[in-house]
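Please keep the sequence and structure in view while reading.

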Amino acid sequence: GAVEDVNVALAGAVPNGETYRDAVSVTPDGRYIAFASRASNLVVGDANGGDDIFVRDRLLRTIDLISVPGAGGQFPSVDWRAIVISEDGNFVAFHANKPPASDSTFIRDRQAGVTTAIKGAASGPLAMSRDGRWVAFSTTDNLLLEDQGLCAGSGGATPTLDTYIFDRTTGQLSLEGPMGGCGSGLAGDFSADGRFLSIEGF
C-alpha cells in the first residue's frame with residue numbers, strides 16, 4: 001500500500017520540529033489522525049515554541065491545531081504521550097499544562113471550537129468512548145470526597161493513582177474502580193457502547 005505523510009508543513013515545506021511516532025490516535029475509518037509535534041510550521045500562528053496536538057484530515061488534506069485553551073492562544077506545553085480521538089474525529093482528549101494550574105486533561109470539540117477542562121492533575125493514558133461522551137483518565141489527586149485512598153511508604157502516606165470518568169454531556173465526574181491500599185489504576189479501553197471500561201491495576 002501507499003505511504004502518506006501526516007505532518008505536512010505549510011506550503012509543502014519540511015516540518016521544522018519533531019513529530020512523535022508513539023503519540024498517535026486514528027479514527028476507525030482512517031480519515032482523522034491525532035498526533036503531537038514540536039514543529040511550528042504545520043499551521044499558521046503556532047508560536048508557543050513547544051509541543052502541540054494536531055489533527056490531520058486525510059480527505060481534505062488539512063491540519064488543525066487542537067491544543068488550544070478555551071480563551072484562545074496556546075498551551076505552553078502538552079503531554080504528547082496521551083492523545084485519544086473519538087470515532088467521528090470531532091473530539092480529542094489530551095493532557096496539557098495551563099499555568100497557574102498544574103497539568104490537566106482537556107477535551108477539544110473541533111466543530112464547536114470549544115475546549116473543556118477537567119479539574120485536577122492527570123497523567124498516564126487516556127480512554128474515550130467511541131462517541132466522545134466519556135473520557136477516562138488517572139490521577140493521584142483526590143478529586144471527589146469518596147476518593148481517600150492513601151499508600152503508606154518510607155516517605156509517608158501518598159495518594160493512590162485512581163481512575164476517573166468524565167461525562168462530557170453532563171459535566172459530571174465519577175471515581176471508577178479504586179484499587180485500594182497501595183494499588184493503582186490506569187485507564188484502559190472502553191467497550192464499543194461505552195458501558196464498560198478496563199482498568200489496569202498494579
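Predicted model: local features only at pLDDT ≥ 70, side-chain atom pairs only at ≥ 80, totals over all residues.

## Ala11

At 88% relative accessibility, Ala11 counts as exposed, because the cut-off for that class is over 50%. Ala11 belongs to the segment before strand E1 (19-26).

The backbone of Ala11 also deserves attention: its phi is near 60°, a positive value in a residue other than glycine. Most residues other than glycine have a negative phi.

## Arg61

A positive phi, near 60°, is likewise found at Arg61, a residue other than glycine. Arg61 sits in the loop that joins strand E3 (52-57) and strand E4 (62-65). With a relative accessible area of 56%, Arg61 is exposed.

## Leu145

Where does Leu145 lie? Its place is the loop between strand E10 (134-139) and strand E11 (150-153). Is Leu145 buried or exposed? The relative accessible area of Leu145 is 76%, so this leucine is classed as exposed.

## The protein as a whole

The secondary structure of the protein comprises 16 strands and zero helices. Of its 202 residues, 45% are buried.

Among contacts with a separation of 6 or more, 44% are between residues 24 or more positions apart. The accessible surface of the protein is about 10100 Å², and carbon and sulfur atoms contribute 51% of that area.

Note on methods
Residues numbered from 1 in each chain as written. Heavy atoms only, no water. Helix = DSSP H or I, 4+ residues; strand = E, 2+ residues; numbered from the N terminus. Buried < 20%, exposed > 50% of the residue type's maximum accessible area, 1.4 Å probe, protein only. Contact = heavy atoms within 4.5 Å. Areas by Shrake-Rupley, 256 points an atom, 1.4 Å probe, with all protein chains shown as cover.
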